[in-house]
Amino acid sequence: MSHAACNACAFYEDHVANSAHTLSDAGLCRVNPPVNQKDADTRGFWPVVKSNDWCGKFATVFAAE
C-alpha cells in the first residue's frame, strides 16, 4: 500500500500557493471545488496543504471518466 499523504495523491498539485508567496513543502488540494470568498468579485481558492498532510479522500489515480 502506498503512503497516504497529499504529495502522493492524484488531486495534489505541487504548485505555488494561491498568492504571490511560495510556501515550501506545500501544494494545492484539488479534490473539491475552490473555496468561495465572501465578496462576489473575488476568486475562489483551493486549500493549501502540506505535502505530508492527508485526508479520507486520498486517491492514487483519477476515477475513469
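Biologist: How many helices and how many strands does the chain have?
Modeller: This is a predicted model. From the N terminus on, its elements run β-β-β. The count is therefore 0 helices and 3 strands.

Biologist: Which strands stand at the edges of the sheet?
Modeller: The sheet is open, with antiparallel pairing and the order β1-β2-β3. An edge strand has a single partner, so one side of it is left without a neighbour in the sheet. The strands in that position are β1 (12–13) and β3 (48–50).

Biologist: Which residue stands opposite Val 49 in β3?
Modeller: Strands of a sheet pair through backbone hydrogen bonds. Strand β2 covers residues 26–29 and pairs with β3 in the antiparallel sense over 3 bridges. Opposite Val 49 stands Gly 27.

Biologist: Is Cys 55 buried, partly exposed or exposed?
Modeller: Buried means under 20% relative accessible area, and exposed means over 50%. Cys 9, at 15%, counts as buried. The relative accessibility of Cys 55 is 35%, so Cys 55 counts as partly exposed.

Biologist: What percentage of the chain is made up of buried residues?
Modeller: The chain has 65 residues. Its accessible surface comes to about 5,100 Å², of which 55% belongs to carbon and sulfur atoms. The buried residues make up 20%.

Conventions
Residues numbered from 1 in each chain as written. Predicted model: local features only at pLDDT ≥ 70, side-chain atom pairs only at ≥ 80, totals over all residues. Heavy atoms only, no water. Pairing = 2+ DSSP bridges. Helix = DSSP H or I, 4+ residues; strand = E, 2+ residues; numbered from the N terminus. Buried < 20%, exposed > 50% of the residue type's maximum accessible area, 1.4 Å probe, protein only. Areas by Shrake-Rupley, 256 points an atom, 1.4 Å probe, with all protein chains shown as cover.
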